[in-house]
Amino acid sequence: VTQGGPLAAGETKAARIVLDEPVVARAGDRFVLRGGSAVSTLGGGVVVDPHPSHRRARPWIAPHDSIPARLALALREAAGAGLDLPEMAVRLGAAPKEVAGLAAEAPTNVLRIGNRLFDRQCRDDLVALLLRELDGHHAQAPLDPGAALQTVRARLAGRPELIDDAIRVAVEQGAVDVEAGMIRRHGWTPRLSDSQTDLKSRLVERLRSAGAEPPSVGELTAEFGPDTASLFRLLERDGAVVSVESDRFYESDALTLLVGRLRNGMMAGREYSPSELRDVIGLSRKFLIPFLEYCDRHGITERRSAGRVLHGT
């Protein structure tokens with residue numbers, strides 16, 4: 001497939017040649033195309049790229065008469081996937097030392113991460129996309145302290161090391177902050193209205209009054225409105241509440257008292273069944289099992305075949 005229509009006799013054009021069988025070739029190799037008989041020569045040329053990135057016909061029409069030019073074109077085609085450095089000698093038609101030197105010189109358009117080369121503009125575009133994603137998240141969720149880092153990473157196209165580098169650059173530029181699995185614009189803080197600030201206090205008091213059997217987030221949302229879940233994330237970050245299960249928070253002091261009741265009621269080394277622990281701390285099964293699983297996760301108790309024991313005993 002040629003660029004700009006069929007190839008006329010005596011004409012030179014960029015072309016994409018698809019072969020019936022694989023051949024061994026490297027950039028710079030000369031070749032001859034023959035027809036059905038050995039005496040029927042159709043034409044010839046020079047291999048520009050033996051391993052093009054795209055399956056569809058797309059010959060290089062930009063200048064590619066030098067190794068840096070071919071490298072720039074190959075990196076642009078590879079985009080976020082990048083190119084493996086050890087393969088570039090064949091791809092560019094250069095000696096391995098020449099390719100290593102080109103990568104070491106770090107041209108302005110080439111970014112090397114480990115043994116892989118990327119178009120630097122691709123990384124810069126990822127940084128810009130990252131900032132747009134965060135701006136959009138903050139606009140849609142003004143009460144959230146940030147966005148989940150893994151969620152944001154999933155929206156950026158490219159190899160993991162390139163995405164990591166884009167996030168690193170954004171942090172070094174002072175554009176974003178990354179903390180505890182969250183990412184946010186630098187200096188971002190949730191903006192609470194007077195009514196939301198009041199609701200935040202009311203939620204804490206509601207959990208405190210409920211003590212050992214607090215209502216779920218869904219129940220509180222029906223009672224206090226749609227800002228409830230976002231406010232709980234803020235309260236958890238402040239340490240005012242603790243998530244014992246995905247849809248239930250405890251006021252911090254109430255949870256501390258409940259854990260103390262459990263510790264004081266258990267003898268060191270003895271295994272307790274759930275029914276025995278229900279009598280020890282006075283919780284219904286609806287609240288008991290999630291609380292015990294929370295204690296297992298946080299090293300307060302250990303679950304064994306016959307029941308639970310205090311951790312370390």
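How many aromatic pairs does a search of the whole structure find?

## Aromatic pair

The search of the whole structure finds 1 aromatic pair, where rings of Phe, Tyr and Trp (its six-membered ring) pair if their centres lie within 6.5 Å, and planes under 30 degrees apart count as stacked, over 60 as edge-to-face and the rest as tilted. The ring centres of phenylalanine 232 and phenylalanine 249 are 4.8 Å apart and their planes stand at 5°, so this pair is stacked. It links distant parts of the chain, with phenylalanine 232 in helix H9 (residues 228–238) and phenylalanine 249 in strand S10 (residues 248–251), 17 residues apart; helices (H or I, at least four residues) and strands (E, at least two) are DSSP runs, numbered from the N terminus. Both phenylalanine 232 and phenylalanine 249 are buried, that is, under 20% relative accessible area, with exposed meaning over 50% and partly exposed in between (1.4 Å probe, protein chains only).

## Basis of the model

This is a predicted model, in which local features need pLDDT of at least 70 and side-chain atom pairs count only at pLDDT 80 or more, while totals for chains, interfaces and linings use all residues. Residues are numbered from 1 along each chain as its sequence is written, and side-chain values use heavy atoms, with hydrogens and water left out.

## Helices H10 and H11

The axes of helix H10 (residues 252–265) and helix H11 (residues 274–281) come within 9 Å and cross at roughly 115°; axes are lines fitted to C-alpha atoms, for helices over the stretch in contact, and angles run from 0 to 180 degrees between N-to-C directions. On the H10 side, Leu258, Arg261, Leu262 and Gly265 meet Leu277, Val280 and Ile281 of H11, contact meaning heavy atoms within 4.5 Å.

Arginine 153 lies in helix H5 and is buried, with a relative accessible area of 16%. Not counting residues up to four places away in sequence, arginine 153 touches Pro160, Ile163, Asp164 and Ile167.

Leucine 156 lies in the loop between helix H5 (149–154) and helix H6 (160–172), and is likewise buried, with a relative accessible area of 5%. Leaving aside neighbours within four places in sequence, leucine 156 is in contact with Leu126, Leu129, Leu130 and Ile163. The C-alpha atoms of leucine 156 and serine 243, which are 87 residues apart along the chain, are separated by 30 Å.
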